[in-house]
Amino acid sequence: MEVVIVPDASAGGELIAESMARLLRRKPDALLGVATGSTPLPVYQALAAKVRAGAVDTHSARIAQLDEYVGLPADHPESYRSVLRREVLEPLGIPMDAFTGPDGTADDIQAACAEYDRALAAAGGVDLQLLGIGTDGHIGFNEPCSSLASRTRIKTLTEQTRIDNARFFDGDIDQVPHHVITQGIGTILEARHLVLLATGEGKADAVAATVEGPVAAICPASALQLHPHATVVADEAAASKLKLADYFRHTYAHKPEWQGL
């Protein structure tokens with residue numbers, strides 16, 4: 001696992017956006033796995049700026065969804081399909097027919113989960129999966145004690161995750177669904193490159209457990225240690241509890257520029 005410590009969220013967003021741009025330059029139809037929430041916004045904003053500047057062409061890019069609420073209509077403003085349309089597809093000029101995601105309104109949710117795994121495989125797999133991390137170490141909606149071999153499935157959100165997400169529902173936790181469809185950890189690990197962005201002091205414990213702790217289901221993100229190409233980008237606050245922070249800074253400072261992330 002590579003750990004890159006950056007000054008702030010903006011620097012992290014620019015770094016990851018450039019990695020995505022490099023990928024799209026060599027593979028224009030790359031399948032980008034995207035996450036929702038406030039953490040990845042600097043990535044999408046930086047990538048959109050590159051598109052506007054003509055530094056990268058996203059017209060052939062494809063987008064895959066990480067997770068979705070169960071029961072919210074697709075056109076609900078806080079369904080993740082709607083959020084990604086506003087924050088990713090429209091700013092990057094990517095049409096909805098280049099988007100794939102699970103159906104959170106399906107009558108048979110289990111079948112919808114299995115179908116999404118098949119759709120990702122049929123698309124050739126995810127080339128780069130962007131991840132955030134929860135304060136409890138979850139990735140996607142794989143809450144603590146999720147199976148590290150899990151596939152796309154329905155999950156029940158913890159109370160803490162619902163509290164964290166209430167800010168997107170006018171601060172009203174009662175509006176936050178109890179269930180979601182999420183790519184499982186096993187599904188996530190099939191992406192060719194995993195990039196986890198963490199910002200803020202509130203993520204420091206989770207980042208330390210992910211990077212320096214044991215691989216354990218209590219911290220689902222620790223499964224990234226098993227991946228052959230996983231990158232953790234953390235700002236100074238999120239990296240504040242890493243014992244090997246100086247080592248990570250040293251190794252990144254001496255990394256050949258051509259390697260990228």
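**Entry 1**

I began with strand 8, where the bridge partner of Asp 67 is Thr 182. The model is a predicted one, and I read every entry below with that in mind. I then took the next residue, Glu 68, and found its bridge partner in strand 8 to be Ile 181. Both pairs belong to the antiparallel pairing of strand 4 (residues 67-69) with strand 8 (residues 179-182), which is made by three bridges.

I next looked up the other neighbour of strand 8. Strand 7 (residues 153-156) pairs with strand 8 over four bridges, again in the antiparallel sense. Here I noted Ile 154, which stands opposite Ile 181.

**Entry 2**

Gly 33 stands opposite Gln 129 of strand 6.

**Entry 1. The loop between strand 6 and strand 7**

I looked up two residues of this loop. Cys 145 lies in it, and so does Ser 146, the loop running between strand 6 (128-131) and strand 7.

Cys 145 has a phi near 75°, a positive value in a residue other than glycine. Most residues other than glycine have a negative phi, which is why I marked the value. Cys 145 counts as exposed, at 58% relative accessibility.

Is Ser 146 buried or exposed? At 1% relative accessibility, Ser 146 counts as buried, the cut-off being under 20%. The side chain of Ser 146 makes a polar contact of 3.3 Å with the side chain of Lys 155. Beyond its neighbours within four places in sequence, I listed Arg 153, Lys 155, Ile 185 and Ala 217 as the contacts of Ser 146.

Asp 170 sits in the loop between helix 5 (159-165) and strand 8 and is exposed, with a relative accessible area of 74%.

**Entry 2. Aromatic pairs**

I counted five aromatic pairs. In one of them, Tyr 80 and Phe 141 are stacked, with 6.1 Å from centre to centre and 20° between the planes. This pair links distant parts of the chain, 61 residues apart: Tyr 80 is in helix 3 (residues 80-92), and Phe 141 is in the loop between strand 6 and strand 7. Both residues are buried. For comparison I took Tyr 247 and Phe 248, whose ring centres are 5.9 Å apart and whose planes stand at 55°, so this pair is tilted. Phe 248 is buried, with a relative accessible area of 9%.

I also noted one aromatic cluster formed by Tyr 69, Tyr 80, Phe 141 and Phe 169.

**Entry 3. Nonpolar cores**

Which residues touch the most other members of the largest nonpolar core? I recorded Ile 16, Ile 63, Leu 196, Val 233 and Leu 242, in a core of 64 residues. Helix 1 (residues 9-26) gives the largest share of this core, six residues.

A second, separate core has 10 residues, including Leu 72, Tyr 80, Phe 141 and Phe 169.

**Entry 4. Helix 7**

Last, I looked up the buried residues of helix 7 (residues 204-212): Ala 204, Ala 206, Val 207, Ala 208, Thr 210 and Val 211. Their cover includes strand 1 (2-6), strand 9 (193-198), strand 10 (230-235) and helix 8 (245-253).

Note on methods: Residues are numbered from 1 along each chain as its sequence is written. This is a predicted model: local features need pLDDT of at least 70, side-chain atom pairs count only at pLDDT 80 or more; totals for chains, interfaces and linings use all residues. Side-chain values use heavy atoms; hydrogens and water are left out. Two strands pair if DSSP finds at least two bridges between them. Buried means under 20% relative accessible area, exposed over 50%, partly exposed in between (1.4 Å probe, protein chains only). A polar contact is a pair of N or O atoms within 3.5 Å; within protein, one must be able to donate a hydrogen and the other to accept it, and residues adjacent in sequence count only if both atoms are side-chain atoms. Contact means heavy atoms within 4.5 Å. Rings of Phe, Tyr and Trp (its six-membered ring) pair if their centres lie within 6.5 Å; planes under 30 degrees apart count as stacked, over 60 as edge-to-face and the rest as tilted. A nonpolar core is a set of buried Ala, Val, Leu, Ile, Met, Phe, Trp, Tyr and Cys residues joined through side-chain atoms within 4.5 Å.
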